Amino acid sequence: MPDGGRSAELGWPELRRIPHPPYRIPVLGDILGASQRTPLLSTMKYAGLGPIFRCKVFRKEFVFVWGAELAADIADETRFGKHIGLGIASLRAVGGDALFTAYDHEPNWRLAHDVLTPGFSREAMAVYHPMMLDATDRLTAHWDRELAAGGPVDVLGDMTKLTLEIIARTGFGHDFGLFELDRPHPFVTAMIGTLTYAQYLNSTPFPGLAKGAARRNEADIAYLNRTVDDIVRARRDAGGGNGDLLDRMLDTPHPETGERLSAENVRRQILTFLAAGYDTTSGTLSFALHYLSANPEIAARAREEVDRVWGDTAVPAYDQVAKLRYVRKVVDETLRLWPTAPVLMREARQDTALCGEHPMRRGAWALLLTPLLHRDPGVWGADAERFDPGRFDAAAVRARPAHTYKPFGTGARACIARQFALHEAMLVLGLLLRRYELRPDPGYRLSVAERMTLIPEGLRIRLDRRQTPPVPTRTTVPDEDMPESRCPVHPTDG
Ligand code: HEM
């Protein structure tokens with residue numbers, strides 16, 4: 001059975017043939033070049049070793065693959081599946097056998113997958129659309145105030161609030177009121193705390209030593225569980241909601257077996273969706289806003305499309321979002337350079353040989369580094385570092401080999417919410433481009449950090465309100481009408 005931290009020496013009989021960085025130190029391994037802050041990104045510098053390489057951290061050896069050919073082979077679902085290891089294994093304390101952290105063989109994965117997939121159908125998405133609009137109104141009201149105050153906006157902080165509001169409203173009918181709080185919501189603090197702790201467990205050989213951090217993590221998990229239990233109780237007391245994911249989790253039987261998710265599993269699914277649903281999308285939106293502010297000609301083209309497609313409709317309809325073809329390419333290109341979930345862990349289902357060359361025993365595993373796969377010069381050209389949405393023109397996409405672009409994962413365990421995330425990102429970018437001119441903040445240089453996902457740390461940009469064409473307004477709430485907190489479960493939290 002899979003074990004999260006197993007060293008590659010056990011599963012790769014010809015490991016010696018795979019190159020590793022020079023200057024390996026006995027016992028410590030390759031830690032000289034490793035960074036605790038960006039453990040995955042710091043391995044990208046070893047791309048020069050070739051499309052497959054290995055790194056040793058203390059006693060454990062890890063195999064990394066990134067070349068297009070190897071990526072295509074390891075995506076073969078008949079021979080490989082998802083590996084639950086490192087950060088994902090650490091998250092099992094929160095997620096258990098819920099979708100993201102389940103082992104392939106756990107029955108609750110199939111049950112939840114079948115019950116929840118229709119929660120991302122076109123019909124379901126059309127119900128979420130007005131909730132996404134409503135949450136984005138909160139953001140623009142906040143940005144209008146920031147703009148009036150004359151400063152840059154805290155892009156990552158505000159996108160984090162926005163995407164958490166969106167997943168909480170669309171998934172569970174919950175309103176955290178994050179834009180109306182003047183300090184971090186304890187739920188966000190606890191969530192970031194557990195993700196950071198899981199990341200820390202990834203990169204430390206002696207997790208047992210950080211007793212204080214372990215205690216804080218337990219307290220964070222207890223707080224997250226209490227919040228979710230309150231949400232479920234409120235829903236049950238209300239006798240149901242509007243057909244969102246929570247209703248589906250509580251009431252929908254499996255279409256064939258009639259089985260339902262247990263109360264414990266529902267709690268884990270809610271936390272999973274909250275965790276998986278906000279950081280990935282907030283990072284994506286933030287990176288996209290960085291590139292749009294740094295590339296005025298790309299922003300102008302995207303804005304022209306929004307004006308043309310949405311015209312003077314005050315509120316874009318659900319169907320008008322997918323028509324933003326160029327904005328979609330901006331999102332695709334953003335996820336090429338910075339796939340916010342940057343690693344896919346793949347495990348051999350049987351004894352096999354990767355690309356026919358590297359024997360692997362059943363259970364052996366490797367990390368597929370998508371930021372490197374998405375920069376493979378053989379696929380993306382010598383200028384792969386350049387931000388160019390034209391790479392996603394239909395002809396260019398058709399010309400590329402399969403399995404060279406994997407921001408949403410691969411196979412049965414790929415992102416269940418891909419359409420949700422794309423709709424959300426395109427809608428939000430469309431609304432922001434329509435309302436504001438975006439300018440880079442002169443003092444800011446892109447700095448990418450990892451907190452399980454990739455984030456543009458400290459990203460700020462400057463805004464100007466657009467004058468022409470007049471931007472239709474929606475239900476912007478005036479300052480004095482802002483409630484203290486709109487969180488119905490924790491009205492005084494914060
Ligand atoms: C741009 C935004 C997003 C990106 C880049 C992204 C990326 C990914 C990736 C790469 C995986 C596969 C991970 C693996 O193989 O270990 C995944 C799985 C998953 N994602 Fe997303 N995701 C995004 C948004 C979302 C949202 C908004 C939600 C929830 C509403 C969500 C929920 C999930 C879940 C539940 C899984 C596990 C699926 C399974 O194993 O059955 N994701 N995502």
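Start with the shell around the ligand: it divides into 16 nonpolar, eight polar and two charged residues. Here Ala, Val, Leu, Ile, Met, Phe, Trp, Tyr, Cys and Pro count as nonpolar, Asp, Glu, Lys and Arg as charged, and the others, Gly among them, as polar. This is a predicted model: local features need pLDDT of at least 70, side-chain atom pairs count only at pLDDT 80 or more, and totals for chains, interfaces and linings use all residues. Residues are numbered from 1 along each chain as its sequence is written.

Next, select G277, T280, G409, C415 and A417. Of the 26 residues around the ligand, these come nearest (near: C-beta, placed from the backbone, within 6 Å). Then show α10 and α17 (418–435), the elements that give two or more residues to the shell. Helices (DSSP H or I, at least four residues) and strands (E, at least two) are numbered from the N terminus. The largest share, seven residues, comes from α10.

Colour by domain. Domain 1 (1–93 + 340–373) and domain 2 (96–334 + 414–481) each supply at least three shell residues; the bounds come from an automatic or database domain assignment.

Move to the open sheet. Its three strands run in the order β4-β12-β9, with antiparallel pairing (at least two DSSP bridges between paired strands). At the edges sit β4 (153–154) and β9 (436–440), each pairing on one side only. Select β12 (residues 460–465): five bridges join β12 to β9. P440 has I461 of β12 as its bridge partner.

Finish on helix α10 (residues 263–294), which packs on this sheet and touches β9 and β12 (contact: C-beta atoms, placed from the backbone, within 7 Å). The directions of α10 and β9 make about 85°, from lines fitted to C-alpha atoms, for helices over the stretch in contact, with angles from 0 to 180 degrees between N-to-C directions.

Technical notes. Contact = placed C-beta atoms within 7 Å.
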